[in-house]
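My entries follow the order in which I checked things.

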Amino acid sequence: MTEGMAGSADSGPLQARICSRDVLAGIMFLGLGLAGLWLNEYRIGLAARMGPGYMPMLVFGALAFMGGLVLLKGLVQPGPPVERMAIVATIWILAALLAFALTIERLGLVVATIVLVGVASLAGNVGQPLRVLALAVGMAAFSVAIFVWGLGVTMKVWPWTF
């Protein structure tokens, strides 16, 4: 049986409302979106001539907007309480993100994406290395197709390129 943060009988309705999944997720997404907008130091440019900061501005703005919507929904209609956090899985996910951040500039997008998926797979009970490898290769190909070919983002794709 899992214990929720707001599921106890002595917690009031306000505490239950604040500790619901939707409210906490909304706060997290709203905070990340606003922080991203605030920390974006790249030139934004115009819609017709986008600068390097235009796409991050759109993504962080959309994240903040959706976080605000989720927060409002959670305040109006409380969802289920937050369950106990899976610490080990969270550490593996954070390690995967850190590995991606540390490898993308030196090893390129393809290798960094494969490392990301490989490390993140340790968070769950996937247990099938070929399945993880297929997912990693598919995610790397999808990332190259979207960012390099589709959006024309100039980045290192392989370790031996520029």
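**Annotation first**

I started with the record. The unreviewed UniProt entry carries the annotation "transmembrane region" for residues 23-42, 54-72, 84-102, 109-126 and 132-153. Positions are in the numbering used here, feature names are shortened, and such annotations may be inferred rather than shown by experiment.

I noted the ground rules next. This is a predicted model, where local features need pLDDT of at least 70, side-chain atom pairs count only at pLDDT 80 or more, and totals for chains, interfaces and linings use all residues. Residues are numbered from 1 along each chain as its sequence is written, and side-chain values use heavy atoms, with hydrogens and water left out.

**Two annotated spans**

I checked residues 54-72: the span is 100% helix and 0% strand, with its end C-alpha atoms 27 Å apart. For residues 109-126 I found 67% helix and 0% strand, and 23 Å between the end C-alpha atoms.

**Whole chain**

I found five helices and zero strands in the protein chain (DSSP runs numbered from the N terminus; helices are H or I, at least four residues, and strands are E, at least two). The C-alpha trace spans about 60 × 45 × 20 Å along its principal axes.

**α2 with α3**

I looked at helix α2 (residues 21-39) against helix α3 (residues 54-76). They pack at about 155°, with axes 7 Å apart (axes are lines fitted to C-alpha atoms, for helices over the stretch in contact; angles run from 0 to 180 degrees between N-to-C directions). α2 and α3 are therefore roughly antiparallel (over 145 degrees; under 35 is roughly parallel, 65 to 115 roughly perpendicular, the rest oblique). The contact (heavy atoms within 4.5 Å) includes F29 and L30 of α2 and F60 and L63 of α3. Its residues divide into 15 nonpolar, seven polar and two charged (Ala, Val, Leu, Ile, Met, Phe, Trp, Tyr, Cys and Pro count as nonpolar, Asp, Glu, Lys and Arg as charged, the others, Gly among them, as polar).

**α4 with α5**

Which way do α4 and α5 lie to each other? I read an angle of about 140° between helix α4 (residues 87-120) and helix α5 (residues 129-150), with axes 8 Å apart. That makes α4 oblique to α5. L109, V110, T113, I114, V117 and G118 in α4 meet a set in α5 including V132, L135 and M139.
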